[in-house]
Amino acid sequence: MVENLRIEQDLVEDLLVRLSQKSKKGREGAIEALAVSTEDDDWRPDELIAQGGIKIVRDLLKEKNLHIVLSALNIIIAIAASGKEEALIDEGVIACLDAMQDDKNPAIQKKVREALALLQPEVEDVVTAKPQDEY
């Protein structure tokens with residue numbers, strides 16, 4: 001178990017280093033590998049979050065490469081679906097997604113809507129407290 005954790009830490013660290021490099025091919029391969037890893041039933045975003053990966057993935061949303069952007073969106077959706085919405089919100093992911101809503105690519109628009117639906121509660125789900133009238 002401890003060995004598996006160390007392997008996961010090393011793998012996430014390696015992928016994040018590759019995502020931070022200038023090589024377009026290296027970034028594309030690393031983001032796709034990270035996106036594919038989220039499809040595993042045992043995948044948890046904790047190590048990615050602990051190593052500052054949300055900021056790196058968020059910044060990849062600005063890439064021109066469609067594969068990189070779609071993979072980054074898939075990772076964001078997986079993190080949100082795992083119950084770690086606060087980590088995404090804290091890193092300003094909602095603002096980045098808001099700016100992408102009118103993207104000309106329909107696949108990006110669809111993924112952005114999916115991510116925002118996970119990060120922004122529906123109006124009817126939000127309960128607002130009303131101050132009690134003073135008598």
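Helix H5 passes helix H7 in a left-handed crossing, meaning the near helix is turned anticlockwise from the far one by less than a right angle. This is a predicted model, where local features need pLDDT of at least 70, side-chain atom pairs count only at pLDDT 80 or more, and totals for chains, interfaces and linings use all residues. Residues are numbered from 1 along each chain as its sequence is written, and side-chain values use heavy atoms, leaving out hydrogens and water.

**H5 and H7**
- The axes of H5 (residues 66-81) and H7 (residues 93-100) come within 13 Å and cross at roughly 135 degrees, so H5 is oblique to H7 (angles under 35 degrees count as roughly parallel, over 145 as roughly antiparallel, 65 to 115 as roughly perpendicular and the rest as oblique).
- Val 69, Leu 73 and Ile 76 in H5 meet Val 93, Leu 97 and Met 100 in H7, with contact meaning heavy atoms within 4.5 Å.
- This contact of H5 with H7 has six nonpolar, no polar and no charged residues.

**Arg 27**
- You can find Arg 27 in helix H2 (residues 24-37).
- Arg 27 counts as buried because its relative accessibility is 11% (buried is under 20%, exposed over 50%, partly exposed in between, with a 1.4 Å probe and protein chains only).
- The side chains of Arg 27 and Glu 63 are joined by a polar contact of 3.0 Å.

**Leu 5**
- Leu 5 sits in helix H1 (residues 2-19) and, at 44% relative accessibility, counts as partly exposed.
- From C-alpha to C-alpha, Leu 5 and Glu 47 are 9.0 Å apart in space, while 42 residues apart in sequence.

Key:
Axes are lines fitted to C-alpha atoms, for helices over the stretch in contact, and angles run from 0 to 180 degrees between N-to-C directions. Helices (H or I, at least four residues) and strands (E, at least two) are DSSP runs, numbered from the N terminus. Ala, Val, Leu, Ile, Met, Phe, Trp, Tyr, Cys and Pro count as nonpolar, Asp, Glu, Lys and Arg as charged, and the others, Gly among them, as polar. A polar contact is a pair of N or O atoms within 3.5 Å; within protein, one must be able to donate a hydrogen and the other to accept it, and residues adjacent in sequence count only if both atoms are side-chain atoms.
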